[in-house]
Amino acid sequence: MTLDDADTAPLRRTPLYERHVALGAKLADFGGWDMPIEYAATPPPSSRSERPLRGGGVVAEHTAVRERVGIFDVSHMGKLRIRGGGAVDFCNVILANDLNRIASNSAQYSMLCNETGGVVDDLIVYRRADDDVFIVPNAANAENVFVALSTSAPSGIDVTNHHDDLAIIAVQGPRSADVLMALGLPSDHDYMAFADVASHLSDDPIIVCRTGYTGERGYELIVAALDAGIVWDALLEVGAEYGISPVGLGARDTLRTEMGYPLHGQDLSESITPVEARLGWAVGWDKPKFRGHDALVASRAAGPARVLRGLLATGRGIPRPHMRVMTAMDGDQVGETTSGTFSPTLKQGIALALLDPAVSEGDQLVLDVRGRPLAVTVVKPPFVAVSTR
């Protein structure tokens with residue numbers, strides 16, 4: 001396929017696309033997929049109706065997740081399975097984190113790096129057994145991760161791409177466990193653990209994972225694509241009692257930014273390393289080998305030339321990516337924002353930014369917002385309380 005062909009290629013659709021249309025979703029291109037950004041509002045439950053709270057825009061959907069429960073279609077994310085003797089050992093010489101830090105039926109945040117230490121993708125790795133690993137990469141990078149793994153796999157290791165035959169539905173928020181229990185699904189396993197579950201909702205087992213991208217207690221359900229609609233409908237039906245709302249990618253972004261979670265392509269990239277992004281905790285430094293090992297060890301020893309930090313607006317204004325960060329409006333530039341948004345929880349602007357390492361938490365800086373100064377304070381994310389556990 002040529003570049004021109006890629007530009008004109010039709011957007012891919014998840015198995016839940018028609019559900020999003022029926023819910024009045026505003027759809028847009030995200031990583032080559034036609035995805036819901038936000039949903040139209042419908043009335044809240046009343047004494048005459050058991051309909052769930054539905055959509056209402058980014059702020060309403062964000063608030064539903066922080067206060068009640070939201071449901072997301074994240075089926076655009078990749079799904080790869082690596083099987084064969086030594087599957088864990090093979091992944092360990094490719095991916096940055098150390099899978100021997102976790103046991104079977106546990107998940108781990110990791111990264112696939114390039115030889116210069118940049119991040120090809122950040123992903124979640126599910127250790128099913130020593131010979132069975134499941135990986136969920138970002139939608140736009142799924143093919144790159146598949147190629148990197150499949151072309152490196154030795155004889156006896158099978159890498160299969162399940163992007164189209166599996167779907168992922170996230171249920172996030174303080175009432176998420178109630179929703180799962182109402183459907184007879186397990187909800188009491190530890191954070192970053194998962195279980196294969198037989199359910200009346202699907203002919204195939206549902207993988208129930210205590211993972212998510214919102215900072216709230218939540219779950220991600222990996223289901224057969226053919227059964228995704230049944231599971232989605234059931235979650236909305238039983239979730240009505242708990243004020244469930246479908247949530248689009250707009251609120252997903254504000255939720256993850258409040259937590260300081262990086263977004264690949266903005267806060268992480270092939271030119272932004274885990275050391276710069278303060279993700280050294282997700283690197284297996286004691287491993288003798290992994291992609292980008294030598295470059296990252298050298299970078300950590302020398303110290304990064306820039307560091308990802310949080311910025312909290314103290315004036316009126318909303319930070320956006322690629323804004324200059326300065327000591328004063330006419331002062332020296334000390335960095336650039338990588339993510340920025342309005343925090344519905346704090347009612348303030350927040351941002352992530354790559355800054356000069358001399359900048360410290362508590363420093364007062366200024367953003368250039370289209371020629372207008374916006375005062376910000378350097379802080380350590382998350383911007384809001386963590387409730388994942």
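Reader: Let's start with the open sheet. How many strands form it, and in what order?
Author: Five strands form the open sheet, in the order 5-6-7-4-8, and the pairing is antiparallel. Strands here are DSSP runs of E with at least two residues, helices are runs of H or I with at least four, and both are numbered from the N terminus. Two strands count as paired if DSSP finds at least two bridges between them. Keep in mind that this is a predicted model: local features need pLDDT of at least 70, side-chain atom pairs count only at pLDDT 80 or more, and totals for chains, interfaces and linings use all residues. Residues are numbered from 1 along each chain as its sequence is written, and side-chain values use heavy atoms, with hydrogens and water left out.

Reader: Which strands stand at the edges?
Author: Strand 5 (106-113) and strand 8 (158-161). Each has a single partner strand, so one side of each is left without a neighbour in the sheet. From one strand to the next, the twist averages 25 degrees.

Reader: How many bridges pair strand 5 and strand 6?
Author: Eight, in the antiparallel sense, with strand 6 covering residues 119-129. Met-111, for instance, has Asp-122 in strand 6 as its bridge partner.

Reader: And what does helix 5 lie across?
Author: Helix 5 (residues 142-152) lies across strand 4 (80-83), strand 5, strand 6, strand 7 (132-136) and strand 8. The helix runs at about 165 degrees to strand 8. Axes are lines fitted to C-alpha atoms, for helices over the stretch in contact (heavy atoms within 4.5 Å), and angles run from 0 to 180 degrees between N-to-C directions.

Reader: New topic: what joins strand 10 to strand 11?
Author: A hairpin, through two residues. Strand 10 (residues 194-199) and strand 11 (residues 202-209) run antiparallel and are joined by five bridges. Ala-195 stands opposite Val-208 in strand 11.

Reader: Ser-199, buried or exposed?
Author: Buried, with a relative accessible area of 15%. The cut-offs are under 20% for buried, over 50% for exposed and partly exposed in between, using a 1.4 Å probe and protein chains only. Ser-199 lies in strand 10 and touches Leu-185 and Ile-206, not counting residues up to four places away in sequence.

Reader: OK, helix 8. Why is it largely enclosed?
Author: Because ten of the eleven residues of helix 8 (residues 249-259) are buried. Among them are Arg-252, Arg-256 and Glu-258.

Reader: What covers those buried residues of helix 8?
Author: The cover includes strand 1 (26-30), strand 2 (33-38), helix 3 (58-67), strand 3 (69-73), strand 16 (333-343) and strand 17 (348-355). Just after helix 8, Gly-260 takes a positive phi of about 75 degrees.

Reader: What about helix 7, which of its residues are buried?
Author: Ala-228, Gly-229, Val-231, Trp-232, Ala-234, Leu-235, Leu-236 and Gly-239.

Reader: Is Cys-113 buried or exposed?
Author: Cys-113 counts as buried, at 2% relative accessibility. Cys-209 is buried too, with a relative accessible area of 0%.
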